[in-house]
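Here's a quick briefing on a ligand and what surrounds it. Take a look at the structure first, then read on.

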Amino acid sequence: MSLAVAFDNIEKQFGPVRVLHGVSFDLAPGRIYGLIGENGAGKSTLMKILAGYERPSGGTVSIDGVVKAFTTSRDAEAAGIVLIHQELNLADHLSIVQNMFLGHERRRGLFLDEPAMREAARTRLADVGLHKHPDTRVRDLIVAEKQLVEIAKAMLRDARLLIMDEPTATLTPAETQRLFALMARLKEDGVTIVYISHKLDEVERVTDEVIVMRDGRFVTRGLTAETTRQQMANLMVGREVSDMFPDKPVLADETRVAFKVDNAYVPGWAQNVSFSVRAGEVFGFAGLVGAGRTELFEALIGLRPRTAGRIELDGENINPRNPRAAMEHGITYLSEDRKGRGLHVDMALKDNLTMMTLERYAHPLLDAQAERDALKKAVGDFGIRTGNLASRARMLSGGNQQKLALAKFLHPDPRVIVLDEPTRGVDVGAKRDIYFLIHALAAEGRAVIVISSELIELIGLCHRVAVMRGGQLVATLGPGHLTEERLIAHATGTH
Ligand SMILES: Nc1ncnc2c1ncn2[C@@H]1O[C@H](COP(=O)(O)OP(=O)(O)OP(=O)(O)O)[C@@H](O)[C@H]1O
Ligand SMILES: [Mg+2]
């Protein structure tokens, strides 16, 4: 049942860019390993090699002492190695059950055995805590639900080695808890697990051992019980990481409201939501998955229907019909679904950056040099790590895609900024950079709204935090009242 892995001097190059430089380490069977490292360190690439999605440019992978060169993920799956992708990989137009069995359909005679597939899907969905009918289209799921489908799908494959690439990035504490219980069961069954995460508190909780990578190299490993979170952060970054949160900026004028929403109503998602955000304020939104936060803001910028409500920007009534109109008013919304709505992953970095502000670069012909200069500046300002400025967004590591999305949405220079899960998948060092950036934006007098599932982040960043539950804004907590316990109590309705 158990399975041991040895990486020996693994190299990987994408064209001229070397991303893995002779990585060697091994994994003993039946343990849970935390694989940590900064954005772009090479974690996902190394695991894709193990799971047959990429081929190494040099070096070997051995499984139970035998050198294996998987050419497809199917080969690796046949050997019991299953990867849950960081960037969700589902076919949107297919149903949950079709996605789960894609390429592994069960048949009875000539026909698909749909009842059997549906039944198996239902069991696995229950295991991960997703209570949706297996025939629901994936397109109709929210990001966290898609993540749970990915996990349930992997569970069908009877893995002996399971690689989870940031599986909890979109999950809330309750779902994360359930996932950890599932991991404990798998471990008891002898499954080896590689757990990649930037949430170091989770790495501390669930792993037996941590392995640190930096700049495409293996740095060190150690027992989790003997490594503090601070040590993990320092090892990842290669220096001392201090004070994650800057001091909250002082509001220039406590009474100046920049953005006001009255009685917003979003069919199926939000009722009677009212709040106001002052100029220079960082205003948070907490809540469980499905509480309606994302849908509320999608409706406010015209991405989905809103049947009632009044929006005021600097005292002026506005009614944006689509995101572009919202942006012209000076409101920008960075989606939590960066692959679906944030970035065009098959386009070049520079085209992503300037897409929303093309008029600045067209006089009337596109000034490609100015676009390239803007990209160079953004890469510097946001610390985007890329070996090649001409590459496509798809080639950036997950965290670096997030930084590019931020750069893109802030490029139009908005007055009201809504950031939905702005640090999802971002490493500790870059997280701190984003926190400082958010405070700098607020200090310039903008209103910044942060939707986040990380309570520590909301508490550290925001002046006030609104809590949504079941489509209603149930509480707004300000200075002196911002604690994890209170936020959880309001979010779950147990206060
Ligand atoms: N197909 C590709 N073409 C070119 N470069 C690539 C490709 N895939 C990955 N890279 C580069 O390889 C490096 C390592 O990326 P990888 O995705 O392995 O990082 P990671 O450690 O998983 O980071 P993160 O924490 O952000 O997910 C990055 O610099 C990335 O830009
Ligand atoms: Mg990755």
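A polar contact here is a pair of N or O atoms within 3.5 Å. This is a predicted model, where local features need pLDDT of at least 70, side-chain atom pairs count only at pLDDT 80 or more, and totals for chains, interfaces and linings use all residues. Residues are numbered from 1 along each chain as its sequence is written, ligands are numbered from 1 in the order in which they are written, and side-chain values use heavy atoms, leaving out hydrogens and water.

**Polar contacts**
- Gly398 brings a backbone N or O atom to 3.4 Å from an oxygen atom of ligand 1.
- From the side chains, Lys43 has an N or O atom 2.7 Å from a ligand 1 oxygen, and Asn39 has a polar atom 2.8 Å from one.

**The shell around ligand 1**
- Ligand 1 has 18 residues around it (a heavy atom within 4 Å), and among those that come nearest are Lys43, Thr45 and His198.
- By type, the shell has five nonpolar, 10 polar and three charged residues, with Gly counted as polar and Asp, Glu, Lys and Arg as charged.

**Where the shell comes from**
- Domain 1 (5-237) and domain 2 (257-492) each give at least three residues to the shell, with bounds from an automatic or database domain assignment.

Definitions and conventions
Polar contact = N/O pair within 3.5 Å; in protein donor to acceptor, adjacent residues only side chain to side chain.
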